[in-house]
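Here is my note on the model, point by point. Please keep the structure open while you read.

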Amino acid sequence: MHDVRTGVALFLLLNVLACLVRVARGPTLADRLLVAQLFGTSGAAVLLLLSAAPGMSAMRDVALTFAVLAPITVVAFVRYAAGRWTGGDP
């Protein structure tokens, strides 16, 4: 079972690396927004897969933190893209 978790985690990491190409070449901000959301969810998924190993239960807390911060990052990105970000108090 450990090999299956490691394989799925590796697949998710390769998926994130492939999305880095989309960040670099993405013609629109919407492409970059979707990739930013994918980074957050894939990162949380990889950490949850790795937390199933013995002695790695602290990774669940880190995965929860990633899962909470991912939507906040997307909201900040949308505010920036919409031109509402003034650089001062939001």
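**Notes on the helix packing**

1. Start with the loop. This is a predicted model, and Ala-53 sits in its loop between helix 2 and helix 3, the latter covering residues 58-81. Is Ala-53 buried or exposed? Its relative accessibility is 18%, so Ala-53 counts as buried; the cut-off for buried is under 20%. The C-alpha atoms of Ala-53 and Phe-11 are 18 Å apart, and 42 residues separate the two along the chain.

2. Now step back to Ser-51. This residue belongs to helix 2, which covers residues 29-51. Ser-51 counts as buried because its relative accessibility is 3%. Which residues does Ser-51 touch, leaving out those up to four places away in sequence? They are Met-56, Ser-57, Met-59 and Arg-60.

3. Next, helix 1. It spans residues 2-25. Helix 1 has 24 residues and reaches 35 Å from first C-alpha to last, close to the 34 Å expected at 1.5 Å a residue. Its buried residues are Ala-9, Leu-12, Val-16 and Cys-19. Helix 2 is included in what covers them. Look at the spacing of those numbers with one rule in mind. An α-helix has 3.6 residues a turn, so residues three or four places apart point the same way.

4. Helix 2 comes next. It has 23 residues. From first C-alpha to last, helix 2 reaches 33 Å, close to the expected 33 Å. Its buried residues are Asp-31, Val-35, Gly-40, Ser-42, Gly-43, Ala-44, Val-46, Leu-47 and Ser-51. What do the buried residues of helix 2 pack against? They pack against helix 1 and helix 3.

5. Take the first of these two pairings. Two packed helices are described by the angle between their axes and the distance between the axes. For helix 1 and helix 2, the angle is about 165° and the axes are 9 Å apart. Angles over 145 degrees count as roughly antiparallel, and helix 1 and helix 2 are therefore roughly antiparallel to each other. Their crossing is left-handed. On the helix 1 side, the contact includes Val-8, Ala-9, Leu-12, Val-16 and Cys-19. On the helix 2 side, Val-35, Leu-38, Phe-39 and Ser-42 are among the residues involved. By class, this contact of helix 1 with helix 2 has 16 nonpolar, two polar and four charged residues.

6. Now the other pairing. Helix 2 and helix 3 pack at about 175°, with axes 8 Å apart. Helix 2 and helix 3 are therefore roughly antiparallel to each other too. Helix 2 contributes residues including Gly-40, Gly-43, Ala-44, Leu-47 and Ser-51. Helix 3 contributes residues including Met-59, Ala-63, Phe-66, Ala-67 and Ala-70. The contact of helix 2 with helix 3 divides into 16 nonpolar, four polar and two charged residues.

7. Finish with one residue at that contact. Ala-63 lies in helix 3. Why is Ala-63 called buried? Its relative accessible area is 2%, and buried means under 20%. Not counting residues up to four places away in sequence, Ala-63 touches Ala-44, Leu-47 and Leu-48. Ser-42 is 21 residues from Ala-63 in sequence, and the C-alpha atoms of the two are 9.8 Å apart in space.

Terms used. Residues are numbered from 1 along each chain as its sequence is written. This is a predicted model: local features need pLDDT of at least 70, side-chain atom pairs count only at pLDDT 80 or more; totals for chains, interfaces and linings use all residues. Side-chain values use heavy atoms; hydrogens and water are left out. Helices (H or I, at least four residues) and strands (E, at least two) are DSSP runs, numbered from the N terminus. Buried means under 20% relative accessible area, exposed over 50%, partly exposed in between (1.4 Å probe, protein chains only). Contact means heavy atoms within 4.5 Å. Axes are lines fitted to C-alpha atoms, for helices over the stretch in contact, and angles run from 0 to 180 degrees between N-to-C directions. Angles under 35 degrees count as roughly parallel, over 145 as roughly antiparallel, 65 to 115 as roughly perpendicular and the rest as oblique. A crossing is left-handed if the near helix is turned anticlockwise from the far one by less than a right angle, and right-handed if clockwise. Ala, Val, Leu, Ile, Met, Phe, Trp, Tyr, Cys and Pro count as nonpolar, Asp, Glu, Lys and Arg as charged, and the others, Gly among them, as polar. The expected span of a helix is 1.5 Å times one less than its number of residues.
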